[in-house]
Amino acid sequence: MSEAPAYLNIDRENHPAVLAGRRSRDAVEVRDKQAWLDNFSATGSVEDPVGPSMFDEEGKGHRGAEGLSAFWDKAIAPTEKIDFQFEKEIICGDEVAYIGKIVTYIAGHISEAEGVFTYRADADGKMQALRAYWEVEATIASTRKA
């Protein structure tokens with residue numbers, strides 16, 4: 001009897017994209033910019049959110065060490081805390097998608113970005129792409145005092 005293919009026998013705990021995503025979220029939680037940057041491949045990218053936003057006016061994403069560092073400084077560093085509240089995990093190929101929300105605490109306020117958040121790992125287990133699908137307008141509308 002032959003062994004089942006990987007897509008029928010997913011190792012949810014050790015999947016490279018799951019691990020890369022976990023490292024990313026852990027670095028954000030402890031405010032460790034260097035660990036977050038080191039988690040990415042040399043050609044890694046962030047689109048958070050996908051498309052134009054206050055973090056990326058052209059909507060082309062942040063690429064390479066310089067772009068990723070600038071994203072951290074603009075989107076993560078000003079926050080007091082970011083909570084990742086994911087309800088569902090979907091693993092496909094070298095990617096994982098989470099459905100849920102990211103709760104951000106900044107300047108005495110809380111906002112909630114509901115959406116789909118994807119992580120893709122490269123062959124070495126490094127983050128190749130982090131993409132977040134959330135609506136800027138809806139997230140702004142969710143803002144309230146902490």
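**View 1. Glu112 and Arg144 form a salt bridge, with their closest N and O atoms 3.1 Å apart.** A salt bridge here is a side-chain nitrogen of Lys or Arg within 4 Å of a carboxyl oxygen of Asp or Glu. Glu112 lies in strand E5 and Arg144 in strand E7 (residues 144-145), so the pair ties together parts that are 32 residues apart in sequence. Strands (E, at least two residues) and helices (H or I, at least four) are DSSP runs numbered from the N terminus. This is a predicted model, in which local features need pLDDT of at least 70 and side-chain atom pairs count only at pLDDT 80 or more, while totals for chains, interfaces and linings use all residues. Residues are numbered from 1 along each chain as its sequence is written, and side-chain values use heavy atoms, leaving out hydrogens and water.

**View 2. Glu112 also meets Lys101 in a salt bridge (3.2 Å, N to O).** Lys101 is in strand E4 and Glu112 in strand E5. Glu112 counts as buried at 19% relative accessibility; buried means under 20% relative accessible area, exposed over 50%, and partly exposed in between (1.4 Å probe, protein chains only). Arg144, at 37%, counts as partly exposed. Shared partners join Lys101, Glu112 and Arg144 into one network.

**View 3. Lys33 forms a salt bridge with Asp73, the closest N and O atoms being 2.8 Å apart.** The pair links helix H2, which holds Lys33, with helix H3, which holds Asp73, 40 residues apart. Lys33 is partly exposed at 23% relative accessible area, and Asp73 is partly exposed at 41%.
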